[in-house]
Amino acid sequence: MIKAEWFYWLVGLSFLVMAAQMVTDRSNPKRFGTGAFWGLIGAGFIYSSWVVTKQAPAEPLGVAVLVMACLAGFGFTGRGTPRTTTPEQRAASAAKLGNRLFVPALTIPVVAMACAIGVKHVTIGGEPLLQEGSETILGLGIGAVVALVVGMIILREKRISVPVQSGRSMLEAMGWAMLLPQMLATLGAIFQVSGVGDQVGKLATSVLPEDSLYIAVVVYCVGMFAFTMIMGNAFAAFPVMTAAVGWPVLVGHFDGNPAAVLAIGMLAGFCGTLVTPMAANFNIVPAALLELKDQYGPIKAQLPTAGVLLGCNIVIMALFAF
């Protein structure tokens, strides 16, 4: 059986190797803090396997998260000067390879889909080839490895150090913002456990007119939009607004279709993702990577689309979810 833990260990090992490269990169004035940040993430991927099985305490992981927050928050992480080709060389290579450059990226979803649909049924000696319940995540991991091999073949690259260096440069460019979705999703779970959703629900039910379906739909969708803007992630806003309005009011009181209500609610939340700097990995990091003059340029460009889509989601839910 191919286990999901093997994939997590591979990810952790990749982070550790890149962290070692960062520490030895003298072009980065903050190389030790940068290496420590990504090294802690890599160690966490590996160490957490024993935490899940109760063979190791979870407290070191909590300490690692706090240290990472301090490293990022106090500016101890930075970026080195990557050793790469010139823009002219990259342009010439892109012109030569053409659309073949997209093959590695397209390989990942194809392999992931094959694993989730087909390979999940393959058994050896009565045992499934892929760990049950983890076929999708394993497909993603296998797809990434296959895509790496395909990319190296297309580019005729024989040194594994080259893609590792490129991955390290991308990590440094994206920085701590790459982890923001996971952190914000965790924040949503904490809000739910601490009863924020219940309090928002009490407030919403106290001001909502009884038997006013359309107002409840607007409150749920706009609430998902607003909480996503505040928290930077629709997955973080979802447990709060669903516990407050989505489930007790729209599904429980108005007998809404649960799948339709919750799915459209998530789409309303995604509209908030388009217009918030808190979703740094979507809106701020791309501006930095593309070296845009206005770091809020993507948000300004997406604002009209977000407003139109939010209105469409409200109408679709009101018409088809009940």
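A contact is a pair of residues with heavy atoms within 4.5 Å of each other. By that criterion, among contacts in the protein between residues at least 6 apart in sequence, 71% link residues at least 24 apart. This is a predicted model, in which local features need pLDDT of at least 70, side-chain atom pairs count only at pLDDT 80 or more, and totals for chains, interfaces and linings use all residues. Residues are numbered from 1 along each chain as its sequence is written, and side-chain values use heavy atoms, with hydrogens and water left out.

**Overall architecture**

- The protein contains 15 helices and two strands, taken as DSSP runs numbered from the N terminus (helices H or I, at least four residues; strands E, at least two).
- Along the principal axes, the C-alpha atoms fill a box of roughly 65 × 60 × 45 Å.
- Of the 322 residues, 38% are buried (under 20% relative accessible area; exposed is over 50% and partly exposed in between, with a 1.4 Å probe and protein chains only).
- The accessible surface is about 18,300 Å², with 71% belonging to carbon and sulfur atoms; areas come from the Shrake-Rupley method with a 1.4 Å probe.

**Helix 12 and its surroundings**

- Helix 12 (residues 258-273) has 16 residues and spans 23 Å from its first C-alpha to its last, close to the expected 22 Å (1.5 Å times one less than its number of residues).
- Its buried residues include Val261, Leu262, Ile264, Gly265 and Met266.
- Helix 10 (213-231), helix 11 (234-253), helix 13 (280-283) and helix 15 (297-320) are among the elements covering the buried residues of helix 12.
- At the start of helix 12, a side-chain oxygen of Asn257 comes to within 3.0 Å of the backbone nitrogen of Ala259.

- Thr276 lies in the loop between helix 12 and helix 13 and is buried, with a relative accessible area of 2%.
- The side chain of Thr276 reaches the backbone oxygen of Met229 at 2.7 Å.
- Leaving aside residues up to four places away in sequence, Thr276 touches Thr228, Met229, Gly232, Asn283 and Ile299.

**Positive phi in loops**

- Most residues other than glycine have a negative phi.
- Lys54, which is not a glycine, has a positive phi of about 65°; Lys54 sits in the loop between helix 2 (31-52) and helix 3 (59-73) and is exposed, at 75% relative accessible area.
- Asp255 has a positive phi near 55°; Asp255 belongs to the loop between helix 11 and helix 12 and counts as exposed at 62% relative accessibility.

Notes: Polar contact = N/O pair within 3.5 Å; in protein donor to acceptor, adjacent residues only side chain to side chain.
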